[in-house]
Amino acid sequence: MAVSIKNNGQKIWQLRDRNNQILRWFFLFIAVAIIMYCWQKISSQTEWFFVWDAPRIAGDIGSRALPPRWSYIDQLWEPLWDTINIATLGTLLSLFFAVPVAFLAARNTTPHPVFCRWPALLIIVSSRSINSLIWALLLVAIIGPGIFAGTIAIALRSIGFCAKLLYEAIEEIDEKQVEAITATGASRWQVMAYAIVPQIMPSFAGITVFRWDINIRESTVLGLVGAGGIGLQMQSSLNVLAWPQVTLILLIVFIAVIISEMVSAKVRAAII
Amino acid sequence: MLHLNKLTKQYATGDKALTDVELQIPKGQVVALIGPSGAGKSTLIRCINRLVEPTSGAVVLNGTELTRLGAGALRKARRRMGMIFQEYALVERLTVMENVLSGRLGYVGFWRSFFRWYPQSDVDEAFRLLERVGLDHMADKRADELSGGQRQRVGIARALIQDPELLLVDEPTASLDPKTSRQIMRLICELCAERGLAAIINIHDVALAQMFVQRVVGLQLGEVVYDGPPDGLSPDILTQIYGEEDWEATIAKVEDDDDDLAEGAVA
């Protein structure tokens, strides 16, 4: 904020003074320069022949992928059901761990700000930093391929996500309600059940359906690494270049995601 | 009945909120605690039920030194002290009935309270109190559907169902319009008289305090600077508590609306 006074005594107000303004232009200039440099690098390392060729190849694959092989759908119902189960069970399993972790991680509910909160934050970070596809790769190696590995992979990835959002919701509650319930002589657990849980219920429901919705999408690719679900069919179809089957699978996944999105929107609307 | 002995509170930031507060309240007396913002009124009543931990000094309720109790005994002691809050502090997403019954949490076990299996006697009492505060038809409404005055009535019922001996009332009217403020103050004072409860009421509005209570305590920068009858609040004393102001003009006698509770219930 810059206020200056002109000779005639009039006060001038500008958002920034001159030096500040010049500094900003300077940083903008550097940013543009960096972008142009990177652009040039990328361009020189690209085989432009393949890029110019892209429309023709895409058209070629497209023509081979259409129409979808509708009869293949008989073999898709079961993996689709598996996919939905992986997402749903994985989400439920993750909540089982995420809720206690969230209460340990939230500043206002943690029993100890170091010995409980930090381990909880560590769990959250380590779960979030590894993609569920990587979790699935590891778990397929450890417990063997199949739906179980997929479910655990989804659950492990979701713990961090759910716990993080939930502990943020816990930290944002209205402390006055907690105070009021404490003042009645309620125990720690009663305060939690009466003053905290009702306040975080809407966020909890929202987080759950949101994560479930994400998990539906994530579990469709887990099959690529052998962790069950519709991704397995996708993998085998891609391997034999059966493009019409791939098209059908993509279509099915698309519809499943739309439906899950609709369900989660409905649930969220109903809870608030 | 309640005795504060050299009660002192110093916050971790170094601010001294209360300095050697000495106060004795007999059974059934309603005391208004006045003073400017930041005088330590809220801290004082929170030190009594130890929502805020006093730094030194003692709070003695009926011979029990509250300041020395362990966690379990403190919870038992809190059951006998009902608290009413400025912004009602109801659990917004629970029903009126659940909010009132939450006053019984100190008396029922965790699972009973979790599944809302309160003893029938508690439920009967809750209905009686809701009727007394004029909200018996609202039992199933969610707390956030109520108006300010109605919410404060629920807050009062929640405090009373604890079967307290003492009410700690923190700015009960600060979020309410003048008419509702008076109704709420009248209700609190009537209920205290009916049940022989002592009460400490933090209040900004000096005129309102003078209208309803037998005794006024003035707090300034954490120290008691006045303790006496409401009509002893001369302009000089008010100046001492709040600072310079034309008190004759601002504390003129305010007309009391002649409305009864039945009307208040629909307000």
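Domain bounds, as I use them today, come from an automatic or database domain assignment, and on that basis chain A is divided into domain 1 (1-42) and domain 2 (77-271). This is a predicted model, in which local features need pLDDT of at least 70 and side-chain atom pairs count only at pLDDT 80 or more, while totals for chains, interfaces and linings use all residues. Residues are numbered from 1 along each chain as its sequence is written, and chains are lettered from A and ligands numbered from 1 in the order in which they are written.

Let me stay with chain A for a moment. The centres of its domain 1 and domain 2, taken over C-alpha atoms, are separated by 44 Å. An unreviewed UniProt entry lists "transmembrane region" for residues 21-42, 84-106 and 241-259 of chain A; such positions are given in the numbering used here, feature names are shortened, and annotations may be inferred rather than shown by experiment. In the model, residues 84-106 of chain A are 96% helix and 0% strand, with end C-alpha atoms 31 Å apart, and residues 241-259 of chain A are 89% helix and 0% strand, with end C-alpha atoms 28 Å apart. Helices (H or I, at least four residues) and strands (E, at least two) are DSSP runs, numbered from the N terminus.

Now to the interface. Taking contact to be C-beta atoms, placed from the backbone, within 7 Å, we find 19 residues of chain A in contact with 21 residues of chain B. Helix H7 (175-183) and helix H8 (188-222) of chain A are the elements that give two or more residues to chain A's side, and H8(A) supplies the largest share, eight residues.

Turning to chain B, the feature "domain: ABC transporter" is placed by UniProt, again in an unreviewed entry, at residues 2-246 of chain B, a span that is 35% helix and 24% strand. Chain B also has an open sheet of four strands in the order S2-S1-S4-S5, with antiparallel pairing, where two strands pair if DSSP finds at least two bridges between them. Which strands stand at the edges? They are strand S2 (16-25) and strand S5 (64-65) of chain B, each with a single partner strand, so one side of each is left without a neighbour in the sheet. Strand S1 (residues 2-10) of chain B pairs with S2(B) in the antiparallel sense over six bridges, and Lys9(B) has Leu18(B) in S2(B) as its bridge partner.

Key. Contact = placed C-beta atoms within 7 Å.
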